[in-house]
Structure formats: C-alpha cells, structure tokens
Amino acid sequence: MIVLDGSRKLDDPVRMNNISQERVEIKQQENEVEHRRLEIFRAIRQMFEHTPFKNHLVIDDSIFVNAKNRHDLEMERIKDVIRSESEKQPTWGEPLPKCFIPLELEFASLIKRNIPLITLDHLNLINLLQSIRPLSKTELKVFLKFQHSIGKVLYFDEENLDTHVVVSPTFLINAFKSIVTDRRFCEGDSNREVLWDIMGKKGVVSKTAIQNIWKKTQYREFYKNKDYVLDVMTRLDILVDPKRYDNDRKRIPADFYYIASMVRTNDDSGYLQSASFTHRSIAIAFQSSSLMIPPALSFRFISYCLYVWAVKKYGQTNKDMLFHRSAVFTVDPSLDLHILCEDKRIIARLVHARTNSLIMRDLASSITECLTSALEKISQLYIRASSDQHHTSNASFITRICCNAPDNPCVLQVNELPDIGDIWICPAHGIEHKIHIITSWFSGKNEDKCDAGCPVTNEDFLKVTPSDIHLRRMSLLYSRDNVRELAIRLGLSTTDVDNMLDTDDPRKWNFEVLRQCRNSVNMTFNHIKEAVEASGQDSIHRLCKLVKGVSIDFETQQEMWDLVPTDEHIDRLAPLVGNNSLPFLIELGMEFQTWEQISYRQNERDLVRLNKDILEEWRNKFCTKHSLKPTLRTIAQALSYIGKSVKIVENTLSDLL
C-alpha cells in the first residue's frame, strides 16, 4: 500500500476519483498545448511560404517555450538548437586573439556577481590590472566592438554613449520592458497602468513618470544609471525627445518623450479627407520586397520622423497628429508630411496648404533621400536573415509613385514613367495627375552639358590655379583610377603617385594626389583640361562643376542671410542636404579629415543626424577656429553648389524671422 498524504490511502474511492480527474485535465492541457503548437508553426510556415526568408527559418523542432517558467524543459532544446546553428555560421572556429580571453573571463565574473553595467573608466582599471598584458587603448576599442558585434556586450562608440559598457544585454532589455510593455504586465501597478493608458492614447511618456517607476526597488539599477539608459533609448529611437526651443531658438529638453510603438489610437481627425486634399498632395510608396513589414520597423520609422520633424497639431482641439502606425509632421508652415505604415508598404505624402504645384522639387527629393536612407538602415535589423558570406540581398524597399487619393492609392512604377506622357489618370479613382508634379520626389537630371561661354572655354579662367576647394570638388567627380591617370599626364611620376597617402577613402586620396600635382607642376585649369581631353575619359564640361554655382539673389529677406544659424535653423536645414553630405561639407570649406571624424562618430547613423553633425561642427568649431562668422548665407551658398535651390532655404526659415 502506498500512502499519499498520511491520511488518505490509494484505495480511497474519493481520492482515486480526484487523481483520475487530475490526469484527465492534465491530458487535456497537454492536448491543447500540442494543438496550439501545431497551429502556430503552421501559420509561421504559411507566412513565409512565398518569401526569400523561408529557407532561413529554424523551426523544424517546433520548440514551444513557456517564457514565464525558467525551468521549462524545452529551454534546453532551444539552447541545443542555438548551439547547433552557431556552429554552422561562417565565423565559427575563427581564431580569437588570446589577449581577449582575460577580459572575457572578467565579464563573465561581473555577470555572476550581478553587475550588468560598468563605466568605461571601470573597464580601463580592470584592463590595467591584468597580470599577463593589458590591452592598449586601440586594442580595447577593437575588443569592445567585437564583443558588441557578436551580441555578448553592448557598447556604443558614440559621443555621450561611450562612457559605459553593458556587460549583460538583458539589462537594457529589462529597462525597456519596464516602460514599453503589454498592459497585462502592468496589472496591479497603478502607476504603470496610468502610464500605459496615456501612452496608448497620446503616444507620450512623462520623464518624471519614468523616474518614479525606476525609483522602485526592482528597478533601482535603472534609476542609478538613468541618464545613460535614457540616452541609449533615444539613440535607438525607442524614446524620442520632442523638438522644443527657447526664445533664442536653442534646443531645450521637453518634460516628456514621444513613444510611437505604444500608440493605440487610430486617426479620426479627418485630415486625409480635408478640402482639396487630392490637389494639394503628392504621394510615394515604399513597397516592401518581403511579404510584410514588421510592426517594429513601422514604429522605428515613425520614431525617426519624430526625431527629424515636429508633430503637426491639427483641428479645433490642436491635437497631436500621432497615431497607431501613422503620423503627420510639419516640414514648414505651408507643408506637411503624412506617413502611413501599412502591412506591405509605407506611404509618404507631402501636403501643401494651397496646391501641390508649389511643392519644390529640391525639398521633396531631399525628403525622399532621407526617408529612403532611414528605411534601408532600419530594415537591416529585420531583413538580415543570413550571415552567409556569399549572400547578397536586394533592396528591401521598392519606390513607386502613388496617386493622390487619400484612401488605397493606385501605384505607378517608376520604369513606366517614360511611356505615360504628361498626364497620368489613375485607374481606380480617375484622378488626373501632372507627371512633372507627382515626380517631384526625384531630383532632376544632372547632365555634363554647359551653355555657350562656359568656364572651360574661357581663357582667363583656364589660366587660374585651382584652390583647395576646387580640388576637393574635383576629387568627388572622378574615380581613383581616373585621377591616377590624370596625375601621370599632369607630370607626376608613377612612383610618386603609387607612394601617395595610404588611405582607404578614394576621395581623400584623389584630393591629396591632385594637390600634389598643383604644388609640384604649378597646375592651372588649362593643364587639367588638356589632361582630361588627352585621357578621353568624358566631356571636359564636367570641369565646369568646379566653379559652377547658381545665381543667388540675396536681395530678398536681407535681414535673414547674415544671421548666425540657431539650433532650430540647423534642425530645419539638415534634411534639405539629403544624401549630399560629403559635397556639402566640402562646400562649407571643411577638410576630408573632418568628414572622417564625423562619419566615424556617426557609426552608420542616418542622413539627417549626419547632416546635423556637419552643420554643428562647422558652426561651433570650424568657424571659431578660423575666426569666421557662421551665417545662413554661407549655408545657402553651399546648398546651391550641391544643386539645391536657395528658395527652399527661404521657405524653410521664413517663419523663424
């Protein structure tokens, strides 16, 4: 006889009935779990059935983990699969510097002692105490970047973020989850419930509310490092600091963050149905090359737009136009940008206050460049499905023209434009569109043709010795091989050219070679013209770009052009530069070395942030160093040289006068 609890025996009929009933319930639960497992994995397979990602799914084992149970038996199975997949990666088995091992062991020790975050100063001290050989400053940076790349630690080699090392990445994940989470995980915590409801309705979170939550015992480590954690969250566009300025138009922090991923309200403002909308807007679609756009990508993209432009206030209640997977932003007082993220495409609309014929091509094309660049960078996190060294991925988004209908717009492929003519009537809505207006998203052609009397036919011009800025412009026009050939024709020996500056940046190398030519052989524009003609590389009229600019009328808005750009000016102007960041930096007079430094700090960040860094470097450091007054006039001139109309500067800044 087996005694179960000291009071009932196995032959007790009531007890036997209860045990039998428990077994039935357990069996039913197991069947329900198994049914749900099959259902979910069937849906996953169907989701990726006709996509290029199907071959990259690792779901043959159909692992179903209960994330709430740390002792779930299937957790071991998923660990085995991860180990197995890791061993298949092309980098598996590659040699690792032995000098990295001591610090790896130190990191493991920190995690065991529940120390998930350390300062860089603390790490430097740990490194110096190593008995074998401390890493040099350069080696330590390489070590941290390697550890970051494989996901063992988090280290952001950027200003304001390079002060700490996250030894355990789950530390940041838990910090994010304390704010960005499902409502079910807030139940019982009144403060978090209120916070969640506000985020769901307005898409904002109070900075004070975050700190109050982090003051609780279970979150004290986040509160202790709150400045760093919040900086990381804004760097990753999880939180977005809204644009606020003081009376001098300098940036000041707001008392809340935007948090696009938490907004649950839909757009009921009637904005898309407003008067003459179809005649005031132009639209473009970014079509995903995969089956669907992950919601997380949509939220990240809207957060990016929140960083660049201010949210529009609309209607009698002056409501913020931030909704679930859509938003409206103010580009300038007469122009809005509407973003709508659907499951398979993202639609961007520029909406003018009066008519779409007043939307400037320079501005629209710059916005296209910024949005495209941001989408490509954001999407890499979601589309990188394989680490196969031979794998090459196509563009993740395909750009298409949309009709001006506010709902379910028709699309027109770009390669169909030559066959359309001057007018396109969309098939579903019958709206008549002028091609030259709806294609304002794309910049005009940049042909190497000049009018009669251009500089390369002017004898006085040809006698001039090119300045550094001329050579910097030229270094962007030709390839490294082209410049090598030109340099030899200009008189440099093959040995001199081949022994020139050792750099991986061909533009910097081009500049140094051309500068050596000028200094060695007293080079003039005529020498360059003769070398280009002798090489037969292309039309000599490309050289006009070295001195060609547009006529700038500074007579209007005279009081504006000599203003020193404020923070708000810079925020407004950065998107106008688009993907012309390097030429723009050159036109501001800065060196390639400055470009290298800013690009290094950027670490593959988006165009608008890059352009802001360039403008701030120029205003705060370059002009101070060279005793120059930074003015909007200089920025306008630089924009004109990269093909942007100065009129867009006037329109963008006119309301700030």
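## A buried serine

A polar contact is a pair of N or O atoms within 3.5 Å; within protein, one must be able to donate a hydrogen and the other to accept it. In this predicted model, the side chains of Ser581 and Asn611 make such a contact, at 2.6 Å.

Ser581 belongs to helix α23, which covers residues 581-587. Its relative accessibility is 3%, so Ser581 counts as buried; the cut-off is under 20%. Leaving aside residues up to four places away in sequence, Ser581 touches Trp595, Leu607, Leu610, Asn611 and Ile614.

## Helix α17 and its buried side

Helix α17 spans residues 480-489. Val483, Leu486 and Ala487 are buried there. They lie on the same side of α17, because their arc around the axis is only 100°.

What do the buried residues of α17 pack against? Four helices are listed here: α16 (468-477), α18 (494-498), α19 (506-521) and α20 (525-535). Gly491 follows α17. The phi of Gly491 is positive, near 120°.

## A nonpolar surface patch

Turn now to the surface. Leu96, Phe146 and Ile150 form a nonpolar patch there. Together they have about 230 Å² of accessible area.

Phe146 sits in helix α5, residues 137-149. Is Phe146 buried or partly exposed? Phe146 has a relative accessible area of 31%, so it is partly exposed. Patch residues need over 30% relative accessible area, and Phe146 has 31%.

Notes. Residues numbered from 1 in each chain as written. Predicted model: local features only at pLDDT ≥ 70, side-chain atom pairs only at ≥ 80, totals over all residues. Heavy atoms only, no water. Buried < 20%, exposed > 50% of the residue type's maximum accessible area, 1.4 Å probe, protein only. Helix = DSSP H or I, 4+ residues; strand = E, 2+ residues; numbered from the N terminus. Arc of directions from axis to C-beta. Contact = heavy atoms within 4.5 Å. Patch = residues over 30% accessible without salt bridge, like charges linked within 9 Å, V, L, I, M, F, W, Y side chains within 5 Å. Areas by Shrake-Rupley, 256 points an atom, 1.4 Å probe, with all protein chains shown as cover. Salt bridge = Lys/Arg side-chain N within 4 Å of Asp/Glu carboxyl O.
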